[in-house]
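The tour goes from one selection to the next.

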Amino acid sequence: MDLRSKIKKFIYKTLLGKKYYRKGKCIRCGACCSRIYVRHSKHTITSEKEFEKLQYIHPFYTYLKIQGKDEIGLIFSCSNFDSNKHICKIHKKRPGICRRYPDELIFPMGASLSEGCGYSFTPIESFKEVLSETEKNHIRKGIFFTKGEDNFNKD
Ligand code: SF4
Ligand code: SF4
């Protein structure tokens, strides 16, 4: 890994606490404005009653209309999306959550990028790096794994 990549990794992983690099750009498909989950106080909103209370907290919630529900939670669409012109009607004044989208925090919610989204996420740590780090941790703790056996031997 060259120096530039190492610095980038340090900034994203250590300073910003990220697990993924985000690449790409918005191609204005509008999918993320038409299928929205709302997360509040570390859980995804699943009931209309809960959502009604949220509408007093932030104006963004007043833009949202319930479209349905699935195993993750209520699904909303935003009334500010102009589906003919494929633009956000309040683009310059859109809320911070929209400016930051897509954020990797969608993954712990059980959500994923909309199909066809112009963005993609790549793990900062490759599988090989995670495996190597796990092995180092095991060695530090005195746990050893013998190839060909499916059990760990602790000293
Ligand atoms: S789903 Fe992705 S490409 Fe489509 S509007 Fe949202 S951010 Fe842009
Ligand atoms: S405010 Fe604009 S960017 Fe945010 S969800 Fe609504 S239409 Fe999309």
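In a regular strand, side chains alternate between the two sheet faces. "Buried" requires 20 or more other C-beta atoms within 10 Å of the residue's own; 12 or fewer is exposed, anything in between is partly exposed, and the C-beta atoms are placed from the backbone.

Before moving on, note that this is a predicted model, in which local features need pLDDT of at least 70 and side-chain atom pairs count only at pLDDT 80 or more, while totals for chains, interfaces and linings use all residues. Residues are numbered from 1 along each chain as its sequence is written, and chains are lettered from A and ligands numbered from 1 in the order in which they are written.

Strands count as paired if DSSP finds at least two bridges between them. Leucine 64 has cysteine 78 of β5 as its bridge partner. Four residues lie between β4 and β5, and the two strands form a hairpin.

Next, show ligand 2. Cys78 is one of the residues around ligand 2, and others include Cys33, Tyr63, Cys88 and Cys98. A residue counts as near a ligand if its C-beta atom, placed from the backbone, lies within 6 Å of the ligand. The shell has seven nonpolar residues, one polar and one charged. Here Ala, Val, Leu, Ile, Met, Phe, Trp, Tyr, Cys and Pro are nonpolar, Asp, Glu, Lys and Arg are charged, and the others, Gly among them, are polar.

Move to ligand 1, which 13 residues surround; the closest are Cys26, Cys29, Cys32, Ser114 and Cys117. Its shell divides into nine nonpolar, three polar and one charged.

Select isoleucine 97 in helix α4 (residues 96-100). Is isoleucine 97 buried or partly exposed? It is partly exposed, because 13 other C-beta atoms lie within 10 Å. Phenylalanine 60 is 37 residues away in sequence and 9.2 Å away in space, C-alpha to C-alpha.

Finally, zoom out and colour domain 1 (23-122) and domain 2 (125-155). These bounds come from an automatic or database domain assignment. The domain centres, taken over C-alpha atoms, are 40 Å apart.
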